[in-house]
Amino acid sequence: MAEVFSNPVFGISVTIIAYAIGVWVNKKLKTPIANPMLIATVLIACFLLATGIPLEYYNAGGDIINFLIFPATASIGLSIYANFEVLKKNFIPVIGGCFAGAATGVLSVWGMCKLFGLDETITVSLLPKSVTTAIAVPISEQYGGIPQITIVALMIAGTLGAVLAPTLSRWFHLSDSEVATGLAIGCSGHAAGTSTAVKMGQTIGAMSGLAIGICGFFTVILAIFFPFIL
């Protein structure tokens, strides 16, 4: 039985089924709170706890899915190319907004960690939580962070971005500008938030995807200064 559960096909199959259930629930309830990724995460966790199947067995297939994050991140370049005209027309606001978003994401986490007295290891694990996994995890590892904590922080940030994006965009009147809405979602919610942004509109989704790449670049630059603020 252990051979069955430790087979990569098991982890991949569980993930696909859980996500398919999440999509079905989302279509039925038609609310951002019923985010497919959030539902899938909860279902997988409950399934593993209920059955007692070790996490490492699931990860045999889950790690293969995680590997796909890297080519998916590289594909962000297609979004930049496809929306190059929009980028040229709004170059200063886009670059300025993404830099502000990346800096705010890093500095707000740093400030909260200092406020609550968290040590350097936890702090550096949380600092890159607003960028995509393929960029955040290497940054965390490079400066002595714990990748698992970084991934959890990424999931929380992305899920909150995906769930709250439509509501917050209305509260802050971002819906008046599709470019601003997309940039805000991409800067804070990375790929998970972008999945919601795509549903909100083509331009919003494109700008959110664009923000992931640009904010990732700025975060890599900001990471150079991590040793000086820790």
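Trainee: Which residue takes a positive phi just after H10?
Mentor: This is a predicted model: local features need pLDDT of at least 70, side-chain atom pairs count only at pLDDT 80 or more, and totals for chains, interfaces and linings use all residues. Residues are numbered from 1 along each chain as its sequence is written, and side-chain values use heavy atoms, with hydrogens and water left out. Helices (H or I, at least four residues) and strands (E, at least two) are DSSP runs, numbered from the N terminus. Just after H10, the positive phi is about 85 degrees, and the residue is Gly-144.

Trainee: How many helices and strands does the protein chain have?
Mentor: Read along the sequence, the pattern is α-α-α-α-α-α-α-α-α-α-α-α-α-α. The count for the protein chain is 14 helices and zero strands.

Trainee: What radius of gyration does the protein chain have?
Mentor: The C-alpha trace spans about 60 × 45 × 30 Å along its principal axes. The radius of gyration is taken over C-alpha atoms, and the globule rule is 2.2 Å times the number of residues to the power 0.38. With 230 residues, a compact globule would come near 17 Å, which agrees with the protein chain's 18 Å.

Trainee: What share of contacts between residues at least 6 apart joins residues at least 24 apart?
Mentor: Contact means heavy atoms within 4.5 Å. Take the contacts in the protein chain between residues at least 6 apart in sequence; the share joining residues at least 24 apart is 65%.

Trainee: What percentage of the protein chain's residues counts as buried?
Mentor: Buried means under 20% relative accessible area, exposed over 50%, and partly exposed in between, with a 1.4 Å probe and protein chains only. Of the 230 residues, the share that counts as buried is 40%.

Trainee: Is Ser-140 buried or exposed?
Mentor: Ser-140 sits in helix H10. Leaving out residues up to four places away in sequence, Ser-140 touches Val-124, Ser-125, Pro-128, Gly-145, Ile-146, Pro-147 and Thr-150. With a relative accessible area of 0%, Ser-140 is buried.

Trainee: At what angle do the axes of H2 and H4 cross?
Mentor: Axes are lines fitted to C-alpha atoms, for helices over the stretch in contact, and angles run from 0 to 180 degrees between N-to-C directions. The axes of H2 (residues 8-29) and H4 (residues 55-67) come within 6 Å, and their crossing angle is roughly 70 degrees.

Trainee: Why is H2 called roughly perpendicular to H4?
Mentor: Angles under 35 degrees count as roughly parallel, over 145 as roughly antiparallel, 65 to 115 as roughly perpendicular and the rest as oblique. H2 and H4 cross at roughly 70 degrees. That makes H2, relative to H4, roughly perpendicular.

Trainee: Is Asn-7 buried or partly exposed?
Mentor: Asn-7 lies in the loop between helix H1 (2-5) and H2. Its C-alpha atom is separated by 7.3 Å from that of Tyr-57, 50 residues apart along the chain. At 33% relative accessibility, Asn-7 counts as partly exposed.

Trainee: How many nonpolar, polar and charged residues does the contact of H8 with H13 have?
Mentor: Ala, Val, Leu, Ile, Met, Phe, Trp, Tyr, Cys and Pro count as nonpolar, Asp, Glu, Lys and Arg as charged, and the others, Gly among them, as polar. From H8, residues including Phe-99 and Val-106 meet residues of H13 that include Ile-214 and Thr-219. By class, the contact of H8 with H13 has 13 nonpolar, one polar and no charged residues.

Trainee: Is H8 oblique or perpendicular to H13?
Mentor: The axes of H8 (residues 91-115) and H13 (residues 202-223) come within 9 Å and cross at roughly 55 degrees. That angle makes H8, relative to H13, oblique.

Trainee: How many nonpolar, polar and charged residues does the contact of H11 with H12 have?
Mentor: The axes of H11 (residues 147-171) and H12 (residues 178-200) come within 8 Å and cross at roughly 75 degrees. H11 and H12 are therefore roughly perpendicular to each other. By class, their contact has eight nonpolar, ten polar and no charged residues.

Trainee: How far apart are Ala-197 and Gly-161 in space, C-alpha to C-alpha?
Mentor: Ala-197 is in helix H12. Ala-197 is buried, with a relative accessible area of 0%. Ala-197 and Gly-161 are 36 residues apart in sequence, and their C-alpha to C-alpha separation is 9.5 Å.

Trainee: Is Phe-228 buried or exposed?
Mentor: Phe-228 is found in helix H14 (residues 226-229). With a relative accessible area of 68%, Phe-228 is exposed.
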